[in-house]
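Work through the following exercises with the sequence and the model side by side, trying each task before reading its solution.

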Amino acid sequence: MSRKFDDFLNEQLNDAEIRSEYEALQPEHALIQTMIDTGQESGITQKELAKRTGIAQGDISKLERGNVNPSILTLQRLAKGMGKVLKIEFILEKV
């Protein structure tokens, strides 16, 4: 992130309502970033991932843009296509 964006974001997060909405979206953002990072680290393009998983490249693109909510089965297929295993955890919420 750029410094200007970081400053803007931090300013906006001073508003409790905005902070609450931003925090509610963190799991989704983390998932998307993990998918992108894993694909880049392994050198797998969307086209190659589509070929490996049978998931349309357009659908993978939509996932990476956050335009759809994938099922657990879809996430498992994506993980396997990247040579990974999907792990989902429930952790104690920090209050």
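A residue is called buried when its relative accessible area is under 20%, exposed when it is over 50%, and partly exposed in between, with a 1.4 Å probe and protein chains only. The model is a predicted one, in which local features need pLDDT of at least 70 and side-chain atom pairs count only at pLDDT 80 or more, while totals for chains, interfaces and linings use all residues. Residues are numbered from 1 along each chain as its sequence is written, and side-chain values use heavy atoms, with hydrogens and water left out.

**Exercise 1. Classify Ala 24, Ser 71 and Gly 81 as buried, partly exposed or exposed, and place each in the fold.**

Step 1. Ala 24 lies in helix 2, residues 16-24, where helices (H or I, at least four residues) and strands (E, at least two) are DSSP runs numbered from the N terminus. Its relative accessibility is 57%, so Ala 24 counts as exposed. From C-alpha to C-alpha, Ala 24 and Leu 9 are 15 Å apart in space and 15 residues apart in sequence.

Step 2. Ser 71 sits in the loop between helix 5 and helix 6, and because its relative accessible area is 36%, it is partly exposed. A distance of 20 Å separates the C-alpha atoms of Ser 71 and Lys 47, which are 24 residues apart along the chain.

Step 3. Gly 81 belongs to helix 6 and, at 7% relative accessibility, counts as buried. The C-alpha atoms of Gly 81 and Leu 49 are separated by 6.0 Å, although these residues are 32 apart along the chain.

**Exercise 2. Describe which residues of helix 6 are buried, and explain why they line one face of the helix.**

Step 1. In helix 6, residues 72-81, the buried residues are Thr 74, Leu 75, Leu 78, Ala 79 and Gly 81. Viewed down the axis of helix 6, these buried residues fall within an arc of 160 degrees (taken from the directions from the helix axis to the C-beta atoms), so they line one face of the helix.

Step 2. After helix 6 comes Gly 83, whose phi is positive, near 75 degrees.

**Exercise 3. State which residues make up the largest nonpolar core.**

Step 1. A nonpolar core is a set of buried Ala, Val, Leu, Ile, Met, Phe, Trp, Tyr and Cys residues joined through side-chain atoms within 4.5 Å.

Step 2. The largest such core has 10 residues in all, namely Met 35, Ile 44, Leu 49, Ala 50, Ile 55, Ile 60, Leu 63, Leu 75, Leu 78 and Met 82. At least two residues of this core are supplied by each of helix 4, helix 5 and helix 6.
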